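Q: I have just opened this one and would like a careful walk through it. Could we go step by step?

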Amino acid sequence: MNTRQTKWRLFTLFAMLTLVLSGCGEPFLSALTPAGEVAKTQFDLMVLSTSIMVAVILVVVIIYVIAIVRFRRKKGDENKIPKQVEGSHTLEIIWTTIPIILLLILAVPTVAATFKLADTKAMDKKDADGNREALVVNVRASLYWWEFEYPDQKIVTSQDLVVPTDQKVYFNLKASDVKHSFWIPAAGGKMDTNVDNVNTFYLTFDADKAKEAGNLFYGKCAELCGPSHALMDFKVKAIPQDEFDTWLNDMKTAKEVKPTDSQAAQGKEIFDQKCLSCHAVSPQDGRPEAARTAPNLANFAERSRVAGILEHNEEQVKNWIRDPEKYKPANKMTGTYGQLTETEIDQLAAYLMSLKVQD
């Protein structure tokens, strides 16, 4: 392979990577399109630090080029010794002072933002009736799914986090098995979920940015946690306050779904025999955390994805039930419910797609 071919192949690879990576700017996923106060603060810090680094690089490159061009050895100067400038106090003061100034420019807003974003005291503030004023969500990460508990409303859901726009939403973060990391790129930076302590932080979701993203942001696990780490996704439905209040009320008052369709009714019988020991189908799930070993499926039919990654339709539900290992290797569901016939899978999928809390 000659040098010219190698260069063209590298250029082609670079062009393709540029094209693919440009997809990172989607408003529902990208940290470069901030969708709330926290993300905007962090984005501004990234712009500031990047600008400083680029400015330093440009100055160094310019000085380097000037030094090479202006002070290069010329013909006839072979025996000439240039003027020696070592020991210049002026230069030493300049290149010592400039980095200190740059560090201060970067450090002051960074420290201020760190303390501001770490302030979660408001999540414990209560009104005169003893009710918590802020919205708090307990996030629990497991291999490879997410649980979202609203402790003050006493409801539980999973995979799809629902939040109101234009207000702070506080999170208690923890893990049930190994270390994970809760990350909604468009809304803010990641934070670890641990098994031995609870981390707290808050995010905000701007209404206009949420509308631009179709009211649906993508969330990820940002900590390498196992073979299906990259598939441990969840979605965030950011909706106006009145819609959120309606959703909360529907979840708090949801009744048990009793299928009228015969196929779904048969699916419920299968579900009760093979799945109910792990999954709940009511958002008012009063079981302790240790007993909640699988996602709550109360509003399964209203979710945006199956298992966080597949298109939400009955065919993909069947594919997931048929072979979850194919889509999320090393998950905790495979092999727990025995072998199902195609007829049973059809019935089970019909029942799951009937699980709704809203019309």
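Q: To begin with, what radius of gyration does the protein have, and what would a compact globule of 359 residues have?
A: The protein has a radius of gyration of 28 Å, whereas a compact globule of 359 residues would be near 21 Å; the radius is taken over C-alpha atoms, and the globule rule is 2.2 Å times the number of residues to the power 0.38. Please keep in mind that this is a predicted model, in which local features need pLDDT of at least 70 and side-chain atom pairs count only at pLDDT 80 or more, while totals for chains, interfaces and linings use all residues. Residues are numbered from 1 along each chain as its sequence is written, and side-chain values use heavy atoms, with hydrogens and water left out.

Q: And what does the C-alpha trace span along its principal axes?
A: The C-alpha trace of the protein spans about 100 × 70 × 35 Å along those axes.

Q: How many helices and strands are there?
A: The protein has nine helices and twelve strands, where helices (H or I, at least four residues) and strands (E, at least two) are DSSP runs, numbered from the N terminus. As for contacts (heavy atoms within 4.5 Å), residues 24 or more positions apart account for 64% of those with a separation of 6 or more.

Q: What share of the residues is buried?
A: Of the 359 residues, 39% count as buried, and buried means under 20% relative accessible area, exposed over 50% and partly exposed in between, with a 1.4 Å probe and protein chains only. The protein exposes about 20800 Å², of which carbon and sulfur atoms supply 60%; these areas come from the Shrake-Rupley method with a 1.4 Å probe, and for residues only the protein chains shown count as cover.

Q: Which residues make the nonpolar surface patch?
A: Ile57, Val61, Tyr64, Val65, Ile68 and Val69 make a nonpolar patch of about 560 Å². Patches are made of residues with over 30% relative accessible area and no salt bridge, with like charges joined within 9 Å and nonpolar side chains (Val, Leu, Ile, Met, Phe, Trp, Tyr) within 5 Å. One of its members, valine 61, is found in helix 2 (residues 37-70) and is partly exposed, with a relative accessible area of 44%.

Q: Switching to charges, how many salt bridges does a search of the whole structure find?
A: The search finds 16 salt bridges, each being a side-chain nitrogen of Lys or Arg within 4 Å of a carboxyl oxygen of Asp or Glu. Among them, glutamate 37 pairs with lysine 116, with their closest N and O atoms 3.3 Å apart. That pair links distant parts of the chain, since glutamate 37 is in helix 2 and lysine 116 is in helix 3 (residues 89-117), 79 residues apart.

Q: Which residues are linked in a network of salt bridges?
A: Arg140, Glu147, Glu149 and Arg292 are linked in such a network.

Q: What about cysteines, how many disulfides are found?
A: The search finds zero disulfides, a disulfide being a pair of cysteine sulfur atoms within 2.5 Å. For cysteine 221, the nearest cysteine sulfur is that of cysteine 225, 3.9 Å away, and cysteine 221 is buried, with a relative accessible area of 5%.

Q: Where does lysine 154 lie?
A: Lysine 154 lies in the loop between strand 2 and strand 3 (155-158), and has a positive phi of about 60 degrees although it is not a glycine. At 65% relative accessibility, lysine 154 counts as exposed.
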